[in-house]
Amino acid sequence: MYPSISKPARSMENDTIMLNCSLKTPTAIQVVTAMDTLALVLFVTLTTMAAVAVAVGAEAAGHFLRVESSSVQLSRLLWVNEAGPVLTILACVGMWVPRAAMFMDHAASIYVGCYLHSFMELMLSESGNEGWPFSRWATLRLRTGPLCCCCLCLPNPRLTSRWLTALRCGTLQTAILRPLLVLFSLLVWAEGMASGNWENANSMLESVLGYVLGASTLLAIWVLSMAFFIVRNFTLPRPHLTARFALNQVLVLFVTLQSNVLRKLSSAGIIPCIPPFSRHAQATSMDHQLLIIEMFVVTLTSHRLYRHPVKQTEAALKIRA
């Protein structure tokens, strides 16, 4: 008798939980009013981490403004070193205001595209690429990640100025393509909202733009890997070069891959519906919370890796010349 009563009770409880989970993304007021003590402590802690990351990034920006004389090099340093604080701010806003999460993700996508190209230019310029002799033993290693398994038959051509321009275009394409894709996705979103058919528009958007963005990002990471081996093997040793490159790859993976994984988990029902969040909104909130922690660590690491004296770089290049 008792087992037959307990099973419907659990079913009614689950049905009640699912009814409380609206398919619509909650507002900021709904998120705040639904918080318990643990959730409030979590949100306040993550917001404090974001504030600390912004303070560290502001201090680093002031340092570069004082010591860097070249405006072009200063712009590259700021784009690269401030990636952690900027992405932390975007994730924090998306965490507190769930209905703005889509716009924050689009802004982060645009920033990552510019960040990849700025990192390429910074890595080449700090190695003195304008004065490279392009000697006969300098070759371009095409068999690098993430496409190393697909390029086993490709030769290693001699490094020329044309190949260097091609490498720059490999990261420039994602800096140009990402804003265009974001603009297109916003147009599709606005059309879907106006016609009341947003679900179909959203599925079409994710299926089409997801592959394009993925291919663009893979190409940018591939050419960055080739440029990294060039700088490491055919120029003077750079301070923290390997650590900087590894941090670059980790940041891109966090921003581009993590959200897709969590979205797939929510579609499979692994991430539960927690009122007032739907499964998709809960996955997005988890992504932003994890991004705050990850970008906080990235900010502190960048602060250590990019604070070498500028005079040290200039002296090394004079010795090489």
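Me: Are Tyr-115 and Phe-119 buried or exposed?
Reply: The model is a predicted one. A residue counts as buried when its relative accessible area is under 20%, and as exposed when it is over 50%. In this model, Tyr-115 and Phe-119 share one description, and that description is buried.

Me: Which helix holds Tyr-115 and Phe-119?
Reply: The two residues lie 4 residues apart, which corresponds to about one turn of the helix. The element that contains both of them is helix H6.

Me: What kind of pair do the rings of Tyr-115 and Phe-119 make?
Reply: Planes under 30 degrees apart count as stacked and those over 60 as edge-to-face, while the rest count as tilted. The ring centres of Tyr-115 and Phe-119 are 6.5 Å apart and the planes meet at 35°, so the pair is tilted.

Me: What kind of pair do the rings of Phe-228 and Phe-229 make?
Reply: The ring centres of Phe-228 and Phe-229 are 5.5 Å apart. Their planes stand at 65°, and an angle over 60 degrees counts as edge-to-face. The pair is therefore edge-to-face.

Me: Which residue forms one aromatic cluster with Phe-228 and Phe-229?
Reply: Phe-228 is buried, with a relative accessible area of 5%. Phe-229 is buried as well, at 15%. The residue that forms one aromatic cluster with Phe-228 and Phe-229 is Phe-245.

Me: With which residues is Ser-109 in contact, leaving aside its neighbours within four places in sequence?
Reply: Ser-109 lies in helix H6. Its relative accessible area is 12%, so Ser-109 is buried. Leaving aside neighbours within four places in sequence, the contacts of Ser-109 are Arg-178 and Leu-213.

Me: How many residues does the largest nonpolar core have?
Reply: Helix H6 (101–125) and helix H9 (241–267) are among the elements that give two or more residues to this core. Leu-251 is one of the residues with the most contacts inside the core. Beyond its neighbours within four places in sequence, Leu-251 is in contact with residues including Tyr-115 and Met-295. The number of residues in the largest nonpolar core is 61.

Methods. Residues are numbered from 1 along each chain as its sequence is written. This is a predicted model: local features need pLDDT of at least 70, side-chain atom pairs count only at pLDDT 80 or more; totals for chains, interfaces and linings use all residues. Side-chain values use heavy atoms; hydrogens and water are left out. A nonpolar core is a set of buried Ala, Val, Leu, Ile, Met, Phe, Trp, Tyr and Cys residues joined through side-chain atoms within 4.5 Å. Buried means under 20% relative accessible area, exposed over 50%, partly exposed in between (1.4 Å probe, protein chains only). Contact means heavy atoms within 4.5 Å. Rings of Phe, Tyr and Trp (its six-membered ring) pair if their centres lie within 6.5 Å; planes under 30 degrees apart count as stacked, over 60 as edge-to-face and the rest as tilted.
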